[in-house]
Amino acid sequence: MPPSPAPRRPSAARELLDLLASMRFAIALLSVICIASVIGTVLRQGEPMGNYINQFGPFWAEVFARLGLYTVYSAPWFLVILAFLVVSTSLCIARNTPKIVADLKSYKEGVREQSLQAHHHKAIGELPSNPEMALAEIGATLTALGWKARVQQREHGTMVAARRGAANKIGYIAAHSAIVLILVGGVLDGNAMVKLAMWLQGKQLYTGSGFVADIRPEHRLSSANPSYRGNVSVAENQRQGIAVLSLPDGVVLQDLPFDIALKKFSVEYYPTGMPKSFASDIVIHDGGTRREATVKVNEPVIHRGVAIFQSSFEDGGSLLRLKAVPLDRPGPAQAIEGRVGTRQPFGGQTLELDGLRVINVENLADGASASGADVRKVDLGERLGKHLGSGAKGDAAKALHNVGPSFSYKLRDAAGQAREYNNYMLPVTLDGHRLFLAGVRESPAENFRYLRLPADADGSLDGWLLLRHALADPALREAAARSYAVAATPAGQPRLTPQLQMTAQRALSLFSGAAAKPGDEARGGLPALSQFIERDVPEGERPRVSEVLLRILNGSLFELYQLARERARLPPAAPSADTQAFMTQAVLSLSDSLYYPAPMLLQLESFDQVQASVFQVARAPGQKLVYLGALLLIVGVFAMLYVKERRLWVWITPAGRPGAAQVRMALSSTRESPDNATLFAQLRAAILKEPA
């Protein structure tokens with residue numbers, strides 16, 4: 001007898017297909033997606049690169065960036081995994097659906113009667129009816145109990161095959177189809193479709209800054225783009241038809257098939273200063289048609305398949321009237337007028353007016369105190385964190401107050417480098433002192449650092465500016481040192497006057513920065529005094545010299561303030577507690593102001609506010625797929641968990657005595673559970689007429 005041939009090894013394509021369609025492959029993909037989702041949840045997505053460098057360091061920040069961990073859900077590897085999961089699940093559906101459909105059509109009435117004895121739930125009995133009547137009675141009983149049955153007549157008897165809970169198998173198809181629909185819908189509504197549209201239309205990302213109107217056509221997508229989600233900012237009594245789509249490496253503009261005009265923007269606030277509700281009355285201009293609508297939070301307007309959501313609000317081009325005051329020299333203030341969102345030349349730089357915030361509700365409770373701020377290196381997020389920011393912070397009792405308007409701007413040099421500034425219009429009361437706050441930061445990734453300038457008795461900045469300008473005048477510094485020496489010389493010791501004058505003049509020169517040498521790290525202020533003491537005073541003498549030098553500096557600055565007021569034809573400052581508090585804050589702010597990165601300070605004199613509404617516009621073709629998938633997932637999971645497929649077989653044969661029928665029955669289920677025994681007992685009682 002010839003040997004049987006060896007079984008053929010499946011082809012590589014067949015093995016690959018089996019792997020893709022296997023459950024272990026799908027579970028592995030789901031595990032990776034779950035891990036990636038945890039990373040995307042724990043690690044904040046889409047932050048500026050500087051934030052990640054501060055958090056992880058330059059090396060690991062670069063490694064994580066190359067892995068795409070800062071934009072997990074749009075990373076190429078994540079999309080590839082989703083694609084494999086869609087393919088794997090689709091193959092599972094394609095492979096198992098024909099089997100499930102065939103099983104749904106089959107009642108398995110062809111089973112052998114002897115096999116019923118192998119089931120766990122089985123019974124045998126007699127009915128006092130002939131087999132034909134018994135079949136009719138059993139059929140009626142099963143129908144009444146919700147079973148669907150099929151009868152097969154055989155030579156020696158009749159087989160009744162019944163089933164209930166066929167939806168369990170449908171749940172498998174529904175749940176797996178839901179996964180495919182949700183994944184496909186998510187990809188259709190994600191950045192992948194925008195990038196595909198950019199590639200098909202030959203568009204490029206825009207990575208610069210500026211205004212929407214200045215961006216060139218190669219950065220704008222056609223209005224026929226099938227999927228996008230972006231923001232549209234519209235000022236009151238203005239209209240806009242271009243959305244900004246933000247991508248990880250830049251932005252791209254999206255032309256809308258219509259224009260949105262803002263008639264009126266309304267906002268209500270909580271006592272904390274946080275917005276309570278806001279809505280926009282808009283007009284949609286679509287060709288020659290005009291549609292009026294109101295967009296509220298969570299109540300979007302749908303037009304031509306594009307959903308318009310109320311996202312937020314911002315300044316829409318308020319008119320600002322500013323006063324530019326020189327810091328390093330006396331001189332007239334310069335009046336500036338401009339709208340938020342515009343730019344103009346200013347002192348060899350470009351002034352960009354960025355924003356106006358009319359309401360600033362802050363927590364000024366006792367105990368939420370802050371010490372002096374240093375504009376060079378002090379983070380006001382730490383020192384003024386309980387006073388400033390979006391809402392009150394800390395555990396101290398809240399005392400919420402509206403501290404008035406603030407405005408922000410940038411000064412950009414010829415090289416394109418810019419610093420951002422944020423100044424308050426009115427003095428803010430902190431620790432019992434009325435202070436003007438002038439903030440600055442090098443980049444949006446940083447917090448603002450604030451210069452705290454004391455208000456004078458009239459609530460203005462004029463007193464401090466008078467002292468600041470006097471500090472830059474060598475003649476006034478010399479006169480102030482002389483006045484201090486005369487006033488501080490003990491009675492009967494006139495020989496000490498020249499020495500005191502020389503020390504006072506030295507202290508003022510160091511403090512003003514006039515004595516700074518090339519290579520000195522400190523250019524003036526209190527750091528210059530500290531640098532002088534560390535460099536020129538023996539270590540053992542430093543505490544005593546520091547105390548004496550600071551006392552001489554404070555006295556000399558007070559004399560300088562009096563001389564400045566006299567030159568301005570103002571009455572001398574009375575030696576009161578208010579004057580002392582003003583001088584204490586003035587010394588700190590004068591020291592910090594020497595490191596302020598701009599030669600002029602901008603103050604807000606008045607403004608005409610214009611509101612703007614920010615809408616999120618979304619064309620989401622995958623939304624309906626996701627909704628359908630969610631519905632199918634609910635149905636599928638419910639069907640698989642709570643619907644049990646059960647099959648019942650009843651074998652009817654003539655009994656040993658005339659006019660009777662022998663009935664043998666068995667029950668099977670996809671999952672064994674205690675309620676199967678209860679159900680079988682009920683069926684046996686109903687069919688065999690036995691007590692339950």
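A: D286 has a relative accessibility of 14%, so D286 counts as buried. Keep in mind that this is a predicted model.

Q: Which residue does D286 form a salt bridge with?
A: With R304; the closest N and O atoms are 3.0 Å apart. D286 lies in strand β8 and R304 in the loop between β10 and β11, so the pair ties together parts that are 18 residues apart in sequence.

Q: How many salt bridges does the structure hold?
A: The structure holds 30. One of them is between the side chains of E442 and R419, at 2.9 Å from N to O. E442 is in the loop between β21 and β22, while R419 is in strand β19, 23 residues apart.

Q: Is E442 buried or partly exposed?
A: Partly exposed, because its relative accessibility is 37%. R419 also counts as partly exposed, at 32%.

Q: What about E541 and R544?
A: Their side chains meet in a salt bridge, 2.8 Å from N to O. E541 is partly exposed, with a relative accessible area of 34%.

Q: Switching to helices: at what angle do α10 and α14 pack?
A: At about 105 degrees, with their axes 9 Å apart. That angle makes α10 roughly perpendicular to α14.

Q: Which residues meet there?
A: From α10, G463, L466, L467, A470 and L471; from α14, L557, L560, Y561, A564 and R565. The contact residues divide into eight nonpolar, one polar and one charged.

How values were computed: Residues numbered from 1 in each chain as written. Predicted model: local features only at pLDDT ≥ 70, side-chain atom pairs only at ≥ 80, totals over all residues. Heavy atoms only, no water. Axes fitted to C-alpha atoms, helices over the stretch in contact; angles between N-to-C directions. Helix = DSSP H or I, 4+ residues; strand = E, 2+ residues; numbered from the N terminus. Parallel < 35°, antiparallel > 145°, perpendicular 65-115°, else oblique. Contact = heavy atoms within 4.5 Å. Nonpolar A, V, L, I, M, F, W, Y, C, P; charged D, E, K, R; others polar. Salt bridge = Lys/Arg side-chain N within 4 Å of Asp/Glu carboxyl O. Buried < 20%, exposed > 50% of the residue type's maximum accessible area, 1.4 Å probe, protein only.
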